Structures are given as structure tokens and as C-alpha cells.
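This briefing goes through one protein chain, from single residues to the overall fold. Please keep the sequence and the model open while reading.

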Amino acid sequence: MKLLVSALEPSSNLHLREVLKHTENVELIGIFDKRIDAGTPLYDITEMAIMGVVDAIKKLRWFFKVADEMVELAKDADKVMLMDSSGFNLPLAKKLKAAYPDKEIIYYILPQVWASRPKRVEKLEKYCDHLLGILPFEIAYYTSSKARYVGHPLLDEITLTCQPKENKGCIAFLPGSRKSEISRLMPIFHEVRKQLPNIRPLLVIPPHFSRDKIAEFYPGHRDFEIIRNTQEALAQSEFAFICSGTATLEAALIGTPFTLAYIAKKIDFFIGTKIHGIKQVGLANIILTHHNNTTLHNELLQEDVTVDNLLAEYYNTDRKKFADKAQELKAYLGHGSSENVANVIMSNEE
């Protein structure tokens with residue numbers, strides 16, 4: 001089987017790897033991590049990275065060209081799987097369905113219609129044949145039987161557990177995976193590290209970053225112990241400071257107490273909070289709020305991301321409360337998703 005994949009994010013590609021473990025004789029074409037040994041990508045994910053509205057506008061014409069190339073490539077595909085990245089993948093789904101009305105389109109890791117732009121539901125149901133959600137509450141936003149909860153991929157991928165008392169003195173710093181995120185957070189994280197001279201500081205850096213990139217992106221990195229595996233770093237740490245993203249949910253499921261620290265471009269923050277009405281950034285908080293109107297961790301945003309505030313979080317976070325809420329979160333998500341997604345890919349039924 002040839003599967004056209006559009007997986008632009010590093011996290012999507014981690015989930016894609018897990019799904020492929022449960023498939024047979026599947027060749028990937030499209031956009032995915034070139035390190036996945038299941039085909040040759042049209043574009044590697046490093047070419048697709050953007051951060052915020054301004055970056056997206058600058059590359060808009062190029063993204064249109066890539067979408068047209070994906071539609072042309074789809075003629076050789078048996079099925080299509082789109083993962084996350086709705087800004088690119090939802091218009092692509094429309095183009096694909098117009099060009100190939102009978103070709104099965106799977107959307108795995110659905111757009112966050114519960115956070116903003118709920119009208120995307122209508123488009124998703126129109127252009128896609130399977131809508132595979134990884135958050136239990138999001139299925140209620142859809143009207144057709146195409147949408148179903150398949151589980152959360154991190155419950156397949158996480159095998160480590162944090163023992164905070166045994167990890168005393170070890171703190172993980174996760175300033176993100178994009179240059180703009182890192183450039184805003186790293187100087188503050190570096191100052192926090194200097195204020196805690198007796199800790200073992202782990203700096204989590206994406207595995208594909210070269211030495212030159214590390215030197216460019218991470219001022220003060222020599223004052224940290226560099227670690228490339230996010231889950232290993234979290235499992236070794238008694239506490240973590242984390243930029244928004246999948247790592248926040250990973251920490252919650254591993255059981256590592258943490259505080260979210262996020263500084264966006266002012267225009268992106270304005271659009272997100274004032275226009276789209278986003279009130280929470282951390283995925284664990286969003287999930288628990290929908291589940292039982294509670295939260296797991298604190299969120300420091302924009303000008304609240306200061307050295308003093310981060311230090312206060314480290315010293316004052318209630319570890320017991322965090323552990324209890326983390327267990328609630330895990331129970332609510334229930335099970336992994338990878339095998340269920342693989343079954344949809346391998347099935348002959350629409």
C-alpha cells in the first residue's frame with residue numbers, strides 16, 4: 001500500500017512511527033521525517049517549520065506550490081493520512097477530495113476546533129472520510145459518525161515514570177524546538193540555572209540540531225548538561241520548566257512536576273487571546289478543564305515569564321497535588337491510539 005502522508009510536526013512524526021509498527025507493507029510518500037525508514041519524502045519536515053502568523057505569510061506562496069505537488073503525488077496513493085497542522089492540511093484535504101473524490105482521506109490528530117474556528121468541523125466532515133481524535137472531549141464537536149476517539153498516542157509511547165524524590169536536585173529545561181521560541185526563553189532559563197548553582201541542569205535539545213545550531217540558538221548551553229531525549233530527561237528530573245507543546249503532556253503522563261513558560265510574538269499572542277479567545281496554553285490543563293473543570297499546572301505567559309516567577313514555581317509547586325491530578329489525566333485518556341489508527345489504514349472499508 002502507498003500512503004500519502006502529510007506530517008509536518010516533529011510530534012506528528014513520532015506518532016507516525018508508532019502507527020507504522022502495527023502496519024504491513026506500507027510505503028510512505030509525501031511530507032514526513034526523512035529518518036522514518038518507510039519511503040522517501042517529497043519534503044522533509046525541517047523545510048516546513050514556521051512559527052506564528054508572520055512566518056506563515058512569508059512562506060504562503062511556497063506552501064501553495066507544495067500543496068499542488070502533494071495533489072499530483074496523490075494519484076499514486078492508495079490512501080491519504082493528514083496529521084495535525086490544519087493550516088496546511090485542511091486546504092490540502094479540500095484539494096485532494098476535489099481531485100480524487102473516491103480516495104480515502106484519514107485525518108489523525110484533529111484540528112483544535114474546541115479552541116477556535118469551530119466552522120472547520122463542517123469542512124473536515126465534508127473532505128475527510130475518517131476523523132480520528134486523540135482527545136475524548138473533542139468528538140462531541142462533530143455531527144457525523146466519521147469522528148471517533150481512538151486514544152492518545154503518548155500512552156503508547158511513554159514507558160518511563162518519574163520518581164521526584166529520587167531525582168532530587170535534577171531540573172529539566174525545555175525551551176522549545178523553534179528558533180524563535182528558544183531565543184525568547186533561553187536567556188531567562190540560563191539565569192534561572194545560575195540562581196540554582198547546586199542542581200543538575202538538563203537542557204533538552206531536539207536530536208536533529210547540529211553543534212552549529214546549538215551554538216547559535218542556545219546562549220549559555222555550556223552551563224547545562226545536554227540531553228536529546230525528552231522523555232528520558234523528564235523521567236530523571238524532579239521538576240521541569242517547559243515551553244508549550246507536546247512536552248507538557250509528556251511531563252504530565254510521566255509524572256514530572258512542571259511549570260509552563262511561554263513567550264509568543266506580541267501579534268500572535270493578541271490574535272490567540274483576543275480574537276480566538278484562547279484562555280489556556282497547556283494541553284494537560286485544557287484536557288482536565290474539559291474533563292472536570294480542574295487544572296494540573298501553572299502557566300506563565302509573556303511578561304510573567306521572569307526569573308523570580310520561575311524560581312517561585314520550583315520552590316512552591318504542590319508536588320502531591322500534581323501527582324494526583326496527573327493520574328486523573330491518565331485515567332481520562334484511557335489508552336493509546338496507534339493500533340486503532342493502523343487498523344483504519346489497513347482496512348478495506350471506508
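Lys97 counts as buried because its relative accessibility is 15%, where buried means under 20% relative accessible area, exposed over 50% and partly exposed in between, with a 1.4 Å probe and protein chains only. Lys97 is found in helix H4; helices (H or I, at least four residues) and strands (E, at least two) are DSSP runs, numbered from the N terminus.

The model is predicted: local features need pLDDT of at least 70 and side-chain atom pairs count only at pLDDT 80 or more, while totals for chains, interfaces and linings use all residues. Residues are numbered from 1 along each chain as its sequence is written, and side-chain values use heavy atoms, with hydrogens and water left out.

- Leaving aside neighbours within four places in sequence, Lys97 is in contact (heavy atoms within 4.5 Å) with Lys103, Ile105, Lys126, Tyr127 and Asp129.
- Lys97 and Tyr127 are 30 residues apart along the chain, and their C-alpha atoms are separated by 5.8 Å.
- Val204 belongs to strand S8, residues 200-204, and counts as buried at 6% relative accessibility.

**Residues with positive phi**

- Most residues other than glycine have a negative phi.
- Asn25 has a positive phi, near 55 degrees, and is not a glycine.
- The loop between helix H1 (10-20) and strand S2 (27-31) holds Asn25, which counts as exposed at 70% relative accessibility.
- Asp84, also not a glycine, has a positive phi of about 55 degrees.
- Asp84 sits in the loop between strand S3 (79-83) and helix H4 (86-99), and is partly exposed with a relative accessible area of 26%.

**Nonpolar cores**

- A nonpolar core is a set of buried Ala, Val, Leu, Ile, Met, Phe, Trp, Tyr and Cys residues joined through side-chain atoms within 4.5 Å.
- The largest core has 58 residues, and those touching the most other members are Leu16, Leu28, Met81, Tyr108, Leu249, Ile287 and Leu329.
- Helix H10 (residues 246-254) supplies the largest share of this core, six residues.
- Not counting residues up to four places away in sequence, Ile287 touches Leu135, Phe137, Leu249, Leu329, Tyr332 and Leu333.
- A second, separate core has 33 residues, among them Leu4, Leu8, Tyr107 and Leu124.

**The chain as a whole**

- The protein chain contains 15 helices and twelve strands.
- Its radius of gyration, taken over C-alpha atoms, is 20 Å, which agrees with the value near 20 Å for a compact globule of 350 residues; the globule rule is 2.2 Å times the number of residues to the power 0.38.
- The C-alpha trace spans about 60 × 45 × 40 Å along its principal axes.
- Of the 350 residues, 53% count as buried.
- Among contacts between residues at least 6 apart in sequence, 65% join residues at least 24 apart.
- The accessible surface comes to about 16400 Å², and 50% of this belongs to carbon and sulfur atoms; such areas come from the Shrake-Rupley method with a 1.4 Å probe, and for residues only the protein chains shown count as cover.
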